[in-house]
Amino acid sequence: MAYVDADHACGQSGAGGSGLAVVSANDLRGLSGETIVPACEKANGAEIAGRCRWIGGMGHEMLHTLGLIHPDRSPACQTAQCRSEALMMHGYVKYPNAALLKEESLSLNRSLFVQDQRIENLLDCTAP
Ligand SMILES: [Zn+2]
């Protein structure tokens, strides 16, 4: 993950793939609880306050580096509800209320970089 301390332009976002993810200053602001600086004049539903959203964004981009793609073409994610909840679609905005598709979990389980382990005591990202 590369956090660039620069603002992105309206219409730009973070990106990840091939082992590298790059995100901008708002990701740093969001993770640290600072105020987000909107890139566009019109409100953007992804530029919202709260650490959870930015942790979700980090997870989304990091999973791109491990080969996951947006599941909008997957038969398993053709509903608005799935697209809203899937971490690799728009679910990152609602993290931790986001999920991976079964096919995504299976793909990650084949990765040498991922170990299937349940963490029982996650920190509450909604805490100030
Ligand atoms: Zn993405």
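Predicted model: local features only at pLDDT ≥ 70, side-chain atom pairs only at ≥ 80, totals over all residues.
Which residues does Ser 74 touch, not counting residues up to four places away in sequence?

Leaving out residues up to four places away in sequence, Ser 74 touches Leu 101 and Glu 103. The side chains of Ser 74 and Glu 103 make a polar contact of 2.8 Å. Along the chain, Ser 74 and Glu 103 are 29 residues apart, while their C-alpha atoms are 9.2 Å apart in space. Ser 74 sits in the loop between α2 and α3. Its relative accessible area is 8%, which is under 20%, so Ser 74 counts as buried.

Arg 73 is found in the loop between α2 and α3 as well. Arg 73 has a relative accessible area of 79%, which is over 50%, so this residue is exposed.

In soluble globular proteins, nonpolar side chains tend to be buried together. The largest nonpolar core here has seven residues: Ala 46, Leu 63, Leu 68, Leu 87, Met 88, Tyr 92 and Leu 108. Apart from it lies another core, made of five residues, including Cys 77, Ala 86, Met 89 and Leu 101.

Leu 68 belongs to the largest core. With residues up to four places away in sequence not counted, Leu 68 touches Leu 63, Met 88, Leu 100, Glu 104, Ser 107 and Leu 108. Among these, Leu 63, Met 88 and Leu 108 are also listed in the largest core.

## His 60 in helix α2

Is His 60 buried or exposed? His 60 has a relative accessible area of 5%, so it is buried. Its place is in helix α2. A polar atom of the His 60 side chain lies 2.8 Å from the backbone oxygen of Leu 87.

Neighbours within four places in sequence aside, His 60 is in contact with His 70, Leu 87, Met 88, Met 89 and Tyr 92. Leu 87, Met 88 and Tyr 92 are members of the largest nonpolar core, whereas Met 89 belongs to the five-residue core.

## Helix α1

Helix α1 covers residues 25-32, and its buried residues are Ala 25, Asn 26, Asp 27, Arg 29 and Gly 30. The elements that cover these buried residues include β1 (2-3), β3 and α2. After α1 comes Gly 33, which has a positive phi, near 85°.

Rolling a probe the size of a water molecule over the atoms shows where empty space is left. The largest pocket holds about 1,200 Å³ of space. It is lined by 27 residues, and those closest to its centre are Tyr 95, Leu 100, Gln 117, Ile 119 and Leu 122. Both α2 (51-65) and α4 (102-109) supply at least two residues of this lining, and α2 provides the largest share, with six residues. By class, the lining has 18 nonpolar, six polar and three charged residues.

The second largest pocket has a volume of about 460 Å³. Of its 26 lining residues, Ser 13, Gly 14, Ala 46, Arg 53 and Tyr 92 are the closest to its centre. Two or more lining residues come from each of β2 (15-17) and α2. Helix α2 gives the most to this lining, with six residues. The lining consists of nine nonpolar, 13 polar and four charged residues. Two residues named at the centre of this pocket, Ala 46 and Tyr 92, are also part of the largest nonpolar core.

## Backbone features

Most residues other than glycine have a negative phi, and most peptide bonds are trans. Ser 18 is not a glycine, yet its phi is positive, about 50°. Ser 18 is placed in the loop between β2 and β3 (20-23). Its relative accessibility is 83%, so Ser 18 counts as exposed.

Which two residues does a cis peptide bond join? The bond lies between Tyr 95 and Pro 96, with an omega of about 10°. Pro 96 is in the loop between α3 (80-85) and α4.

Note on methods: Residues numbered from 1 in each chain as written. Heavy atoms only, no water. Core = buried A, V, L, I, M, F, W, Y, C linked by side-chain atoms within 4.5 Å. Buried < 20%, exposed > 50% of the residue type's maximum accessible area, 1.4 Å probe, protein only. Contact = heavy atoms within 4.5 Å. 1 Å grid on protein atoms, 1.4 Å probe; cavity = no way out; pocket = protein on both sides within 12 Å on 5 of 7 lines; lining within 4 Å. Points joined across faces, edges and corners; volume = space filled by probe spheres on them. Helix = DSSP H or I, 4+ residues; strand = E, 2+ residues; numbered from the N terminus. Nonpolar A, V, L, I, M, F, W, Y, C, P; charged D, E, K, R; others polar. Polar contact = N/O pair within 3.5 Å; in protein donor to acceptor, adjacent residues only side chain to side chain.
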